[in-house]
Amino acid sequence: MSRARTPQTRARIRRWARLEDLSRWILSVGAVAFAAAVPAGIGLALWFWIAGVERFDVFAWLYGSGLGVLLIGTGLDVWTNSRLVEARFADGRRTVGVIGEVVELPETDIDGNPAYHLLVSAELPGRPALRRTIDWGSGDSSGPDDRWAGRAVCFRHNTFDPDDEHDVLFDGWPEDWTESRR
């Protein structure tokens, strides 16, 4: 937040950070509720079996409410996290760099597809060259490859520190940027 240049951006970052904290709290409550529902459901099933109670709707409420809170927390967390990242780079400078290398990571994304680091450098007049690392989840099994080396890429950054590799937000491709200005 200290890199935000305007009070409006700092307020926006604070607002999204508070919402992210709330979403993480809801996510934690949902995870605990869903995890606690398993032994509670087993206990209720035994009690209902011994007592001869036939109220199966209780289990739907028990597991459904825990799962519902967990899903709400997850959705809210995904939504607020992306908005917080956008807010952190709202005052960022837009720069066009060149992909120097595509590194395939040993771990995969959530769908089992390969994940990559795009090592990007950008020459700025009167400043040292910026080096940034863009995390890239392919979304499919094809993903980027060595042919991407040398390709231009747009990114946002908040500092001119040449070695702050993670001060970066992917901002599209230059060809998309010029087409949108027509």
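Arg131 has a relative accessibility of 40% and therefore counts as partly exposed, a class that lies between buried (under 20% relative accessible area) and exposed (over 50%), with a 1.4 Å probe and protein chains only. This is a predicted model in which local features need pLDDT of at least 70 and side-chain atom pairs count only at pLDDT 80 or more, while totals for chains, interfaces and linings use all residues. Residues are numbered from 1 along each chain as its sequence is written, and side-chain values use heavy atoms, with hydrogens and water left out.

Let's stay with Arg131 and look at its partner. Arg131 pairs with Asp163 in a salt bridge, meaning a side-chain nitrogen of Lys or Arg within 4 Å of a carboxyl oxygen of Asp or Glu. This pair links distant parts of the chain, 32 residues apart: Arg131 sits in strand β3 (residues 130-137) and Asp163 in the loop between β4 (152-157) and β5 (169-170). Helices (H or I, at least four residues) and strands (E, at least two) are DSSP runs, numbered from the N terminus.

The whole structure holds seven salt bridges, and the table shows some of them.

| Salt bridge | N to O distance |
|---|---|
| Asp163 and Arg131 | 2.1 Å |
| Glu20 and Arg24 | 3.2 Å |
| Arg156 and Asp171 | 3.3 Å |

Glu20 and Arg24 take us to helix α1, where they lie four residues apart, about one turn of the helix. Glu20 is buried because its relative accessibility is 10%, whereas Arg24 is partly exposed at 41%. Together with Asp77, these two residues are linked in a network of salt bridges.

Helix α1 (residues 7-51) has 45 residues and spans 63 Å from its first C-alpha to its last, close to the 66 Å expected at 1.5 Å a residue; that expectation is 1.5 Å times one less than the number of residues. Its buried residues include Trp16, Gly30 and Phe48, and α2 (57-88) is part of what covers them.

Where does α1 kink? A kink of about 30° lies at Val38, shortly before the proline Pro39, the bend being the angle between axes fitted to the seven residues ending there and the seven starting there. Val38 is partly exposed, at 41% relative accessibility. After α1 comes Gly52, with a positive phi near 75°.

Conventions: Contact = heavy atoms within 4.5 Å.
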